[in-house]
Amino acid sequence: MKTHAQAVVIGGGLVGCSILYHLAKLGWTDVVLLERDELTAGSTWHAAANIHGLHDNNNVTRVQHYTMNLYKELEKETGQGCGVFQPGSLYLAKTEEREHQLRLQEAKAKYYGLNFHEVSREQAKELHPLAQFDDIRCIMFEPDGGNVDPSGVTMAYAAGARAMGAQIERFCPVTGTEQQPDGTWIVKTEKGDIHTQWVVNAGGLWGREVAAMAGLTLPLQPTEHQYFVTESIDEVANLGRRLPSIADRDGEYYFRQEGNGFLIGAYEKDMRFWAENGTPLDFAHELFPDDLDRIMENVIRATERVPCAETAGVKRVINGPMIWSPDSNAIWGPVPELKNYFCCTGIIPGFSQSGGLGLLAAQWMIEGEPQYDMFAWDLARFGDWADKKFTKARVEDQYAHRFAIHFPNEERSAGRPARVRPVYELQKEMGCVFGLNCGWEHPLWFSGTPGTMDTNSFTRQNWWEPVGREVSMLRENVGVIDISNFANYVIKGPGAFDWLDKLVANKVPTEVGRSCLTPLISVRGGVAGDFTITKVADDEYMMVGSGMAERYHQRFFNMVELPEGTTFEVATNRIAGFNVAGPKSRDMLQRMTNADLSNENFRFMRSRTIEVAGVECLAIRVSFTGDLGWELHCAEEDQVKLYAALLAASAELDGGPVGGRALGSLRIEKGYGSWGREYSQEYWPQEVGLAGLVKLDKDFLNKEAYLKVKDNAPREMLVGFEIDAVNDADASGGEPIFTPDGKPVGRVTSGAYGYSVGKSLALGYANPETAKPGDEVEVYILGKPHKARILEAAAFDPSGARLRA
């Protein structure tokens, strides 16, 4: 066995073998995979192994399409059969909401050049003559849908990796992972130790146990999951061809042909956890006792869809374990707190995603960053707040609602609250409806009635009018926005300026009381983040960034060594904040402080430590609303006192509390981008309008990468759209955009109704060679074309006069 390797992959399931294969494919052939038992042990071998291309997340769609196309290439490359069956998949909609979802996916498929289109009931009946579709209002067909052989695919990845020089050690349990002072690792096994640059945790069901060896706790929880295969059915055998699978999400089951019978599986409401305190080390190819009664309601719906299945005998029942994350997406990526430790576990639709997971993981390790923004999978989206209680509650909800539609702006309540600020109870009493951001409960909107809940659909919901009132109140008077879910960092010491100046692309302020906006450049030259940096004292700075990216950004912070005597603190937990904004914000705050807030003495992007209602605050004259305003940052223990005073003062000026939904509308009216929506490592500064904040007469992180792309013509440009939203719905993000004659233009990243301008608006990316400001385009809201126009400037106050008043 090897004693040295570039990477050691722990886990010989589907995903571990895919990562090994792709590492070798990208040039790292001195790699080894360690499997405690036989390849496919755990959950791979008993998977139903269905494959599909479309996903609500656009980048996940891209990687699933890559994966589906890879399997036949693997067969040709390795000679190992993958058991690929692609008779197609029929997607059924019984409800209007499901139809909206399917039509949106059809529009996305058109944009990405994928094959997914509507068929009539008659056409569906020709494709699947044994099914009935009388109660179905919309049917989509994906010709490439189907299934693969779990063991065949895994063995093909393994064979391809071996052929390129990678090694696989079976029956070789890992007993420890020990990081060395230089950041490399010793992986300890019963057959000897391996010194490696990278450790890859692809432990699957044992992902928690592998992580624990490195001192990590991952938010994962296994469950039982059942499906069964029927005996041979004459009607199936006599067809002489393979039937398409049926994706009846409203019926909450999956259904496909297996041999001359059917495979039927379900995600039942009466779910069961397994191995809550750890996966047994001697578990390999075992199954649990059958418990079909728990899924019979789902099965009945399946047999009503295909009546000949009702009387078929059961040939085989599979009740095996699956391991879930709190949102059913992968726990994937380098651990920010450790050097060269990569996780890839908690994967549910593994056979639709294995190729993409492996490719992007290999890119991240070898090239420093994946080609796509995959924050939806990034383990950095969770922190210590995602504890065992939270994880179990969310996994139960995810399992039982596996096929439920994830509506735009939907906030699920399971496992909450995880983290709250002192003002939480006061906000509840005010009828606040909360959202979840990096574990924090933060206000979305205020109903005035305690206990109010969101309604959910693709169209405008119960919050639409109250949010409009909040927007109007701020634009006309003043609003108080809780921004305590933003990430706060404090950098102190003699090297504070030098460290920040080497980190970010803009010039860092050298004068106390000055602030700057700055991008953070990614490994490939894109925009990894955007921050406000304020010099608050000699040798002390405060930096504010995206709350949900707090752990993600740690990776970049770790790339720049802190000078001696300098400290970096993630201060989010101890600092709270409010944005007071609107044309009367100065009048309101001036009544609460002795500081001079006049424009002459407190200009835009200036800061000062002041007292507001007796509470010491760092006041920064900046506002994400695009209106006159100040951010007030205070100690968390002073939050309730400050909030109560701000609300009382705002009420005197016909103002009040404003939530995150209104803030979303306000920023879109101003054309302000947001990290994770408009800004990500995929986009260059010149594509998002931030190139002017990149200063080339200084050094900064990943400057060389930026220099390689800075003169490139924009592939796409971030622009605003004015939309004729005739169907009582607004864009929310992900909708494709076409020219009137059907050419792809781009896609929406954020959308909202612009209450201040009386128009439905969106931000998104457009190909400058296809469409330019002023051009008419079509935005596919609810999967249908809506006339739109690319804006030449921000819809609200394009000159920025109000911001600087």
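**View 1. The lining of the second largest cavity comprises 2 nonpolar, 3 polar and 3 charged residues.** The structure is a predicted model, in which local features need pLDDT of at least 70 and side-chain atom pairs pLDDT 80 or more, while totals for chains, interfaces and linings use all residues. Residues are numbered from 1 along each chain as its sequence is written, and side-chain values use heavy atoms, leaving out hydrogens and water. This cavity has a volume of about 30 Å³ (a cavity is a set of points on a 1 Å grid where a 1.4 Å probe fits but cannot get out, and lining residues have an atom within 4 Å of a point). Its lining consists of Arg-421, Trp-440, Glu-441, His-442, Pro-443, Asp-482, Ser-484 and Asn-485. Strand E20 (residues 440-446) provides the largest share, 4 residues (strands are DSSP runs of at least two residues, helices of at least four).

**View 2. The largest cavity has a volume of about 70 Å³.** The whole structure holds 2 cavities of 30 Å³ or more. Around the largest cavity stand Gly-53, Leu-54, His-65, Met-68, Asn-69, Leu-114, Asn-115, Glu-142 and Asp-144. Of these lining residues, 3 are nonpolar, 4 polar and 2 charged. Helix H2 gives the most to the lining, with 3 residues.

**View 3. Helix H2 (residues 58-78) crosses helix H9 (residues 350-367) at roughly 100°, their axes coming within 7 Å.** H2 and H9 are therefore roughly perpendicular to each other (a term for angles of 65 to 115 degrees, on a scale from 0 to 180 degrees between N-to-C directions). On the H2 side, the residues in contact (heavy atoms within 4.5 Å) include Val-60, Val-63, Tyr-66, Leu-70 and Tyr-71. H9 contributes, among them, Gly-350, Phe-351, Ser-352, Leu-359 and Leu-360. By class, this contact has 8 nonpolar, 8 polar and no charged residues.

**View 4. An open sheet is formed by 5 strands in the order E23-E24-E25-E22-E26, with antiparallel pairing.** Strand E23 (515-521) and strand E26 (567-570) are the edge strands, each pairing on one side only (two strands pair if DSSP finds at least two bridges between them). From one strand to the next, the twist averages 25°. Strand E24 (residues 527-537) and strand E25 (residues 540-545) are joined over 5 bridges in the antiparallel sense. Thr-534 stands opposite Met-542 in E25. Helix H14 (residues 550-557) packs on the sheet and touches E22, E23, E24, E25 and E26, with its direction at about 80° to that of E24. Helix H13 (residues 496-503) lies across strand E22 (487-492), E23, E24, E25 and E26 and runs at about 30° to E25.

Conventions
Parallel < 35°, antiparallel > 145°, perpendicular 65-115°, else oblique. Nonpolar A, V, L, I, M, F, W, Y, C, P; charged D, E, K, R; others polar. 1 Å grid on protein atoms, 1.4 Å probe; cavity = no way out; pocket = protein on both sides within 12 Å on 5 of 7 lines; lining within 4 Å. Points joined across faces, edges and corners; volume = space filled by probe spheres on them.
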